[in-house]
Amino acid sequence: MVNTVTVDEQDIRTAVTMREAIDAVRRGFIDFEHGEFEMPVRTALNDGQFLVMPLHHRATSSAMIKTLSVNFERKPAIAGTVVWSQTDRIDHLVADAAAVTALRTGAVVGVATDLLAAPDAARLTIIGAGGQSLDQIRAVHAVRPLRQLTVADINPRSAQALADKIGPYLGGADVTTATDINAALADAEIVCCATTSTKPLFSAASLAAEVHVNAIGAFRPSMRELSDDLLANSTVVVDQIEAVLEESGEIIHALQSGAINTGALTELGYALVRPQTDRRRRTVFKSVGIAIQDWAVASLLANKFLP
């Protein structure tokens, strides 16, 4: 008998730690660099309001398909399913896409931060207090234990709510909020951008001389979180070049303006396998989210929930 195991948000949060997710996503990107995945660029319909992401992992003969709808006017903004299957199992796993997406998006930021941020970096400013922000902070804290966190958002109530929620998780870290983004960046050693902005959130001049910036909010050509001058003067790592050329508004804009060329972009898997020795003091990780991340978390869930 074929058995379909369904796991909800609570199941996922209970079963998978952030550290496990980070390690799984890291292994996934290394496998990607070694050619272990068959992964088409995701299908985006209605300007990204519907997304379909399929993937096949050759080494384990497993496959995953994520389908979701995105609407930032509702809560939750992301809804859908992640379906995982494997040729040597007849059982399938169906997981809540919103929980998987938040966890895997945090996890890839953890991977990039661990690779690119200064080893002693401990001051984070996160811009945006929406649904992805909590896991962004959790992931950074997992690889760079935080002494200071600033939550910056145009809505002070949202910023305070996130600060109150994450504070106990960070132990003795100093947690503050801000509505002035540029001021909140002054002494940040790590910055996370998790917004739906259509224009750059800050100028490069607002940043410290040495800083690592993660940007995960913009996933459509019409969206931008980062400025051309920041990209032009930083080491830029992306999840997948093909994906960001199709979907990342800030990368597309910087290429069209001549601020950067495609040679300035390094894929995360390549950087993990071949560590760079000539990084600039400012580093950027730009992610639009690719199916490897979802597969990595779904594989963890399959190993925990399927017989």
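**Stop 1: two helices side by side**

Select α3 and α4: their axes come within 8 Å and cross at roughly 35°. Helices here are DSSP runs of H or I with at least four residues, strands are runs of E with at least two, and both are numbered from the N terminus. An axis is a line fitted to C-alpha atoms, for helices over the stretch in contact, and angles run from 0 to 180 degrees between N-to-C directions. Now show side chains: on α3 the contact includes Ala102, Leu103 and Gly106, and on α4 it includes Asp135, Ala139 and Val143. Contact means heavy atoms within 4.5 Å. By class, this contact has seven nonpolar, five polar and three charged residues. Ala, Val, Leu, Ile, Met, Phe, Trp, Tyr, Cys and Pro count as nonpolar, Asp, Glu, Lys and Arg as charged, and the others, Gly among them, as polar.

Before moving on, know that this is a predicted model, where local features need pLDDT of at least 70, side-chain atom pairs count only at pLDDT 80 or more, and totals for chains, interfaces and linings use all residues. Residues are numbered from 1 along each chain as its sequence is written, and side-chain values use heavy atoms, with hydrogens and water left out.

**Stop 2: another partner for α3**

Among the residues making the contact are Val100 and Val108 of α3 and Val297 and Leu301 of α11. By class, there are five nonpolar, three polar and two charged residues here.

**Stop 3: the sheet**

Which order do the strands of the open sheet follow? Colour the eight strands and read across: β10-β9-β8-β11-β12-β15-β13-β14, with parallel pairing. Two strands pair if DSSP finds at least two bridges between them. β10 (174–178) and β14 (265–267) stand at the edges with a single partner strand each, so one side of each has no neighbour in the sheet. On average, neighbouring strands are turned by 20° against each other, direction ignored.

Zoom in on β13 (residues 235–238) and β15 (residues 282–286), which run parallel and are joined by four bridges. Val236 stands opposite Val284 in β15. Then bring back α4 (residues 133–143), which lies across β8, β9 and β11 and runs at about 165° to β8.

**Stop 4: a loop residue**

Pick Val288, in the loop between β15 and α11. Is Val288 buried or exposed? At 6% relative accessibility, Val288 counts as buried (under 20% relative accessible area; exposed is over 50%, partly exposed in between, with a 1.4 Å probe and protein chains only). Not counting residues up to four places away in sequence, Val288 touches several others, including Arg42, Phe219 and Asp239.

**Stop 5**

Most residues other than glycine have a negative phi, and most peptide bonds are trans. Now select Lys75 and Pro76: a cis peptide bond joins them, with omega about -5°. Pro76 lies in the loop between β5 and β6. Finally, visit Asn46, which has a positive phi of about 55° although it is not a glycine. Asn46 sits in the loop between β3 and β4.
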